[in-house]
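Please keep the structure in view while going through the numbered points.

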Amino acid sequence: MDVRGRRDRLPAVELQDAFWAPRRTQLRDHTLPVLLERFESHGILDTFRRLAPGAPDTPRQGLWFSDSDVYKWMEAAAWAERLDLLEPIIELVHLAARPDGYLHTYYDVGPGSQPRYRDLGSSHELYCGGHFTEAALAHHAVTGSDDLLDLARRWADHVCATFGPGRDERVDAHPEVELALARLAERTGQERYLAQARWMVEHLLGASGATIDTVELSGHAVRALYLASGIAEIARVGGDSRWRAAAERLFDSLVREHTYPTGAVGGRWMEESVGKPFELPDAMAYAESCAAVAAAQFSRRIWDLVGDPRALDQLELGLFNAVPCGVGADGESWFYSQPQAVSEVACETNPWVQPFDYGPNMVLQWFPARRHPWFEVLCCPPNLARLFATVHDQLAELDDAGNLLVHLPLAAHVTGGGWDVTVEGGYPDDGTVTVHVDAAPADGEVRVRVAGWADGHGHVPVDAGAVLELPVQDQWWESDHRIEGVAGTVFLRRGPVVCCVEGVDVPGVDLRDLVVDPTRPPSQAFARRVDTGRDGLHHPVAEPAVEPVAGVRVVPYHAWANRGPTTMRVRFPRR
Ligand code: FUB
Ligand code: ZN
C-alpha cells in the first residue's frame, strides 16, 4: 500500500463561478441547517439521544437505516466547514457507540431493539458504519481531530474481528462499507482494513455467482455503483491490476450502456435497478438522485485510478445535469427519482406508481413533477449535500510532475503546489476561459481539460494569460438506437448542459406532440403534430401533419420544476 493520497493532489479552490459557487454557499448557509431542522422534527436525532444513560424509554422513529442519513449530513457539514452545526451531532453519535465498537441506533440497544447482525440482507448495519467512516474521514481531513476517526477505527476493528473467513462469513447486501474501509486503510496505513474490504467484495460477488473478473454493473443502481466505487478504491489503494480492470469494465458499461443523457442512472423502477444494458425509458425512468451522486463519485474514482479522460466527461455530465437537478432552487426540496419525461402533472393518480406499496411517503417521493421537502427514505438529500460540499475538489488537481490540471474550467482561484492561478469566464454557459497565473513552480504547466463533447481528449497546456475557446453552443444530440423507445429522437445540449422543455412554457401544448428539426436552431426547430381526427392508436404510415411552434423556450434540465409542478421532456422525435 504505497499511494500518494488523493487529497494530497488537491489544490485549494475558491469557487467564483455563477453555477456551483452559489449552490455551495446555499448548501452551507441554508440546506445544511434546514436538513438538520427536518431531521429534528422527524425524530431522526432523537434516535441517538434516547441512547443516553438515563434517557426515558421512547420509541425510535425513522427507518432502520436513518443513521446513514445523519452520517451523510455529517460528512457534508464537515466538507462545508459547518463545524458549529456538526459538533453537537458528534456528541450524539458517541451515545450510539458500544464498548466493543459496534455502532447503530436501531439494533442491539434501546427499547424494542432488534439483535445485531440478524439479517445482513436488509439491516444496512455495515452500510451505516461505512457512511459513518466517510464522515469521520471528512471531519479528520478538515479539522485534524481524531475524535470521530478513533470511533471509526474502533468500529472497523470490531468489523474485522466479527466478519471474515472462519468468522461470520456473511456480508451486508448494500455496499458502502467496502469503499469506506479501503479509504480508512489509506488514511491509517492499516492493511487489514483493505484486506477486509477485498474479502467483503469477493464474498458479495460470490453470492451472485460472480468474481472480480466477471462482475457486471447490474441490480440496484446505488448498490451497484457503490460496489463499483469499492472496487475502484481497493484497486487504487491496493494497486491490484485485476481489480483495476474490473473497475474499468464497470465504468465502460456505465458510459456505454446505462447512462441517461443527463448523467442519471437507473432505468428500471422494479428493485431500483440499472436494468439491462440500454434499458433507459424516459417516462418510466427510475434515475434516483443517489445513483447520480454515486455515478459522479465512481467516475472521479476512475479518473484517479486510470486517468481515463472519459471519466471526467462523465463526472462533468453529472455535475451540470443530474446532480444539481436533485435539489430545487430553494435549496430545501429534492427529487428522489428524476423523471426524464413527464406527460401529466396529476401523477398522484398514476397507476404505475400506486402498486408500489411503500406507504404514502414513498409514493409521494416518486411523484415526479416536482421536488419534495421530505422523504421517508431520506437517502438522496444528504447524499446530494455531500457531493455539493465537495464539488470544489473536482475542479483541479496537481499531477506527479507538479502541473496544474484544471478539470472543470469554472471561474475560481486555485492555490497550492507553488501555484496561484485565477480562472475567469462564464463556464458552463460560455466557453471563453482565461487563465491568469500569479505564481507557478519551475517547469510547471497549467493544463485545461478539453472535454469529449468539445472533441478533446484530455488536458491541453494553456499559457499564462491565454484565452481558451471551448465550443459552448446549442447542439442537437441523439441517443444510441438500441435504447428502446428513443430511436429517432433528439435532445439539445449547450456544452455540457442538457436542456429540456417545460409545459409551463408552451401552454396548451401536449409535449408529446412536439417534434424537432435538428437542422435548425432551437428557436425555430419545434413543430407540433396536428390532430387529423384519425381514430384508434395505430394507422397506416402517412406523412404527419405538423405546424411550426415558434419560440419554444428550452431550459437547463437541472433547473426544471422550479416554477411549480409541470410537464417536461428532454428527448423529442425528429420531424
Ligand atoms: O437502502 C438505502 C438507500 O435507500 C439506497 O441506497 C437507496 O437506493 C434507497 O433504496
Ligand atoms: Zn437516494
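Predicted model: local features only at pLDDT ≥ 70, side-chain atom pairs only at ≥ 80, totals over all residues.

**Ligand site and domain arrangement**

1. For H174, a polar side-chain atom is 2.8 Å from an oxygen atom of ligand 1. For H220, the distance from a side-chain N or O atom to an oxygen atom of ligand 1 is 3.1 Å.

2. Which residues are around ligand 1? H174, H220 and E272 belong to this group, together with F65, H124, Y127, V222, E288, Y336, V377 and C379. Sorted by class, the shell consists of six nonpolar, three polar and two charged residues.

3. The protein chain is divided into domain 1, covering residues 20-394, domain 2, covering 396-469, and domain 3, covering 474-573. The centres of domain 1 and domain 3, taken over C-alpha atoms, are 34 Å apart.

4. How many residues of domain 1 are in contact with domain 3? The number is 28, and they meet 26 residues of domain 3. Between them, the two domains bury about 2200 Å², of which 58% is on carbon and sulfur atoms. On the side of domain 1, P261, F278 and S343 supply 24% of the area buried against domain 3, more than any other three residues.

5. Polar and charged pairs between these domains deserve a separate remark. Domain 1 and domain 3 have 13 residue pairs in polar contact, counting pairs with both residues at pLDDT 80 or more. The count of salt bridges between domain 1 and domain 3 is one. A salt bridge joins the side chains of D282 and R571, with an N to O distance of 2.6 Å.

Technical notes: Residues numbered from 1 in each chain as written. Chains lettered and ligands numbered in written order. Heavy atoms only, no water. Near = heavy atom within 4 Å. Polar contact = N/O pair within 3.5 Å; in protein donor to acceptor, adjacent residues only side chain to side chain. Nonpolar A, V, L, I, M, F, W, Y, C, P; charged D, E, K, R; others polar. Domains from an automatic or database assignment. Contact = heavy atoms within 4.5 Å. Buried area = accessible area lost by both parts, 1.4 Å probe. Salt bridge = Lys/Arg side-chain N within 4 Å of Asp/Glu carboxyl O.
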